[in-house]
Each structure stands twice: as structure tokens, then as C-alpha cells.
Amino acid sequence: WKGHGHRVNGTLGVSIPTGSIDERGTMLMPHNAMMTMRSSYGMQLGTGTYDLVPSLTYMGNAGRLGWGAQYKARIALEDENDEGYRWGNQHEVTAWLSYSLTEGLSGTARLAASTQDQIHGADPNIRGIFQGTYPEFYGGDRIEAFLGLNGHMTFADGTMARLGVEAGVPLYQDLNGPQLQRDWSLAFTAGVHF
């Protein structure tokens, strides 16, 4: 939907289980020996389940000021994959403000919140005494704040080049079990639109 400086866009997708969930790796064990075993949940290439991937985005603008909000999720459509577990459902919400500094440069401020349930079930072949082998040590809640700059340039043939940088810091983190917390993040994006 689009009208009078406001736009709403919704998507509904399904993620299919194409990524491997039985990857193996060589691990250093506590007794200083190397052992080849099934890699932890976070090192697997997929979820192993069909997942619903919905999103809803609202954007508005007035003059140089822009704003918006987005909700997106990943929701497992199966109770477990072929190895006996499923990833916890994930929900993310973000809201932003932008201001056009010049015709091709804008600044942004954004807040993002996410929550993810722990892994349900367990793969009997993922074992060991390190944190990545425990399903209950995945997921948690996080709120982050971001500042960014976005630039774009349009060429005579209609091609547009875009560059962006965004830095973020966590405002709140409540993670399940012992996990690495984020101290900060820095993202660079570049694209060419034909």
C-alpha cells in the first residue's frame, strides 16, 4: 500500500531445509586430544525445519525527515527436524528516523529489539562439555541502538550506487545461558541498482 507519504509492505515467506544439520568438525578436547565429532548447533548450516518467515514494514516521510518500523520473524513449522530438535522462534522489531543532510546523503538513528527462544529438543550426536552443545544456551533478548550514514549517487543511465555505514551498541542483553554478549557492531553496505 502506498499513499500521501506513507507506505506499507508485507511479505510472507517459507524457509525450506536446504542447509546441512549434520556437519562434523575436529575439536580440541579438555584432555588436549583432537576428536572429530558433530559440530555444535550454531555451527550447522541450516535449521533442518520448514520455517515461516513473515515481515511487515511501514515507512513514512515529510520533507527531509523519514521514519519507519519493521517486524520480522522466523517461526518453525515443525516440532523437530530429522536430528530431533528445532530452533526457537525468533521475533525482531526495529524503528528508525532518517534525515536528508544533502540530496545524496542521509543520517539515520535506529532502535532494534529481538527475542529468540532456546532450542527445543536435542541432537543426540551433539555432545561435549562446552557451551555450544547445550540447547538451552541459545536465544535470549536484546535491545540495540544504531547510528548510520547512507549515501547514493544516480548516474545518467538510471543506475544508482549506494554506500552505507551503521554503528550500534547494545542497551540491554538477557541471553540464555553463558553466551558471548555484543559490545558493539559496525556494518558497511554497498550496492548497485540497475
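## Two loop residues with positive phi

His4 sits in the loop between S1 and S2. This is a predicted model. The phi of His4 is positive, about 50°, although His4 is not a glycine. Most residues other than glycine have a negative phi. His4 is exposed, because its relative accessible area of 81% is over the 50% cut-off.

Asn32 also has a positive phi, near 70°, and is not a glycine either. Its place is the loop between strand S3 (24-28) and strand S4 (34-38). Asn32 is exposed too, at a relative accessible area of 64%.

## The sheet

Nine strands make up an open sheet. Their order is S1-S2-S5-S6-S8-S9-S11-S12-S13, and the pairing is antiparallel. Strand S1 (2-3) and strand S13 (185-193) are at the edges. Each has a single partner strand, so one side of each has no neighbour in the sheet.

Gly3 stands opposite His6 in S2.

## The nonpolar core

Which residues form the largest nonpolar core? There are seven: Ile21, Tyr41, Tyr85, Trp87, Ile119, Ile126 and Tyr138. Leaving aside residues up to four places away in sequence, Ile126 touches Arg38, Ser39, Ser40, Tyr41 and Thr133.

Ring pairs link Tyr41, Tyr85, Trp87 and Tyr138 into a cluster. These four residues are also listed in the core.

## Aromatic pairs

The structure holds four aromatic pairs. One of them joins Trp87 and Tyr138. Their ring centres are 5.3 Å apart and their planes stand at 85°, so the pair is edge-to-face. This pair links distant parts of the chain, 51 residues apart. Trp87 is in the loop between strand S7 (85-86) and strand S8 (90-102). Tyr138 is in the loop between strand S10 (120-121) and strand S11 (140-154). Trp87 is buried, with a relative accessible area of 15%. Tyr138 counts as buried as well, at 12%.

Tyr134 and Phe137 form another pair. Their ring centres lie 5.1 Å apart with the planes at 40°, so this pair is tilted. Tyr134 is partly exposed, at a relative accessible area of 30%. Phe137 is partly exposed at 22%.

## A charge over a ring

Where does Arg110 lie relative to Phe146? Arg110 is over the face of the Phe146 ring, at 4.0 Å from the ring centre.

Methods
Residues numbered from 1 in each chain as written. Predicted model: local features only at pLDDT ≥ 70, side-chain atom pairs only at ≥ 80, totals over all residues. Heavy atoms only, no water. Pairing = 2+ DSSP bridges. Helix = DSSP H or I, 4+ residues; strand = E, 2+ residues; numbered from the N terminus. Buried < 20%, exposed > 50% of the residue type's maximum accessible area, 1.4 Å probe, protein only. Core = buried A, V, L, I, M, F, W, Y, C linked by side-chain atoms within 4.5 Å. Contact = heavy atoms within 4.5 Å. Phe/Tyr/Trp six-rings, centres within 6.5 Å; stacked < 30°, edge-to-face > 60°. Lys NZ or Arg CZ within 6 Å of the ring centre and 35° of its normal.
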